[in-house]
Amino acid sequence: MATCFCSFLLGSLVPLLVSGAALPAPQNITILSTNMKHFLVWSRLTVSGEAVTYSVEFQGEYERDYANDSWIPIAECTGISATKCDITEDISATVPYNLRVRAAQGTEVSRWATLNGLFNRVTTSLIPPMLTVLADGHHLLVELEYLGPAFEFLVLYWKKGHEYQVYDKVVRDSNTTIHLQTMEAGSEYCVKAQTYVEAINRSSNFSQVQCVKAADSKAFSVMFAPIFFVAFVVVIFILFLLGWKTCQICQYSCCPNEGLPDTLKLTESPAGILNYRGEEAEKCDMSVHVQPPEELLRFWIHEAL
């Protein structure tokens with residue numbers, strides 16, 4: 001009976017052990033960290049059968065010292081087919097972190113493979129920023145690449161030939177074009193910049209120097225003279241139209257050009273109308289008979305009786 005039971009255990013467990021060991025753990029685990037962007041990478045497993053997926057966990061100083069050596073799964077890197085995991089959001093403090101990854105194929109899982117050594121974001125590689133220097137007329141402008149809210153930029157600029165007098169400007173928002181200074185006509189100005197991350201108190205090297213030349217005063221005048229002339233002509237034309245329209249409105253409002261009604265229009269000459277009115281008046285005088293007062297009194301008494 002005991003022999004049968006041992007045989008059963010060996011027959012059941014050995015395949016499981018063999019099966020569990022058949023899936024190797026990921027290898028060549030390393031971290032790529034540049035400009036505070038951190039990625040855990042490893043080699044892809046080459047095994048037959050179903051697709052292999054990977055899961056990543058991290059352990060910070062708190063989990064290691066105060067939470068019973070626990071590990072925290074990274075949700076975005078659980079059951080993924082890629083061999084790279086963005087751990088930037090999880091590495092949120094300047095303390096040593098440990099990371100591990102394991103593979104899975106169907107119901108089989110490999111053992112955890114741990115990063116060789118601890119990672120601290122203070123070791124990230126800071127590279128010089130990409131910048132574009134512009135000369136807009138006599139204005140010295142610079143455009144910087146956006147690297148995230150944790151980055152500041154120290155910009156140094158000077159007039160060529162006056163390297164002993166260098167100006168600096170700290171830029172905290174690189175989303176917009178930055179105006180550095182007004183340049184002297186025909187002079188050349190140079191600019192370089194470096195990044196700074198306060199969270200790790202580190203700076204990158206300076207970028208390559210870029211120089212631009214301000215426009216000449218004469219060239220500036222020749223370039224913009226036609227534009228100013230056209231603008232002047234357009235303004236004069238617009239003022240003329242506005243004046244003409246204002247006169248039209250005033251004339252219509254104060255002295256409107258309205259026609260007389262038909263009853264007031266003259267159909268004959270003024271002389272004919274006057275002769276006609278005179279003849280009518282004579283006819284009226286001839287037809288009116290004026291009675292003396294005595295006759296009127298007698299007529300009134302007669303009517304009363």
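**Pocket, sheet and aromatic pairs**

The lining of the largest pocket comprises seven nonpolar, five polar and three charged residues. Here Ala, Val, Leu, Ile, Met, Phe, Trp, Tyr, Cys and Pro count as nonpolar, Asp, Glu, Lys and Arg as charged, and the others, including Gly, as polar. The model is predicted, with local features requiring pLDDT of at least 70 and side-chain atom pairs 80 or more, while totals for chains, interfaces and linings use all residues. Residues are numbered from 1 along each chain, and side-chain values use heavy atoms, without hydrogens or water.

The largest pocket has a volume of about 260 Å³. Of its 15 lining residues, Met 36, Thr 88, Glu 89, Arg 121 and Ala 150 lie nearest the centre. A pocket is an open set of points on a 1 Å grid where a 1.4 Å probe fits, with protein on both sides within 12 Å along at least five of seven lines; lining residues have an atom within 4 Å of a point.

Strands 1 and 2 (residues 37-41) pair over five bridges; pairing requires at least two DSSP bridges. Thr 34 stands opposite Lys 37 in strand 2.

There are four aromatic pairs (ring centres within 6.5 Å; stacked under 30 degrees between planes, edge-to-face over 60, otherwise tilted). Tyr 157 and Tyr 167 are stacked, at 5.7 Å centre to centre and 25° between planes.

Note on methods: Helices (H or I, at least four residues) and strands (E, at least two) are DSSP runs, numbered from the N terminus. Grid points are joined across faces, edges and corners, and a volume is the space filled by probe spheres set on the points. Rings of Phe, Tyr and Trp (its six-membered ring) pair if their centres lie within 6.5 Å; planes under 30 degrees apart count as stacked, over 60 as edge-to-face and the rest as tilted.
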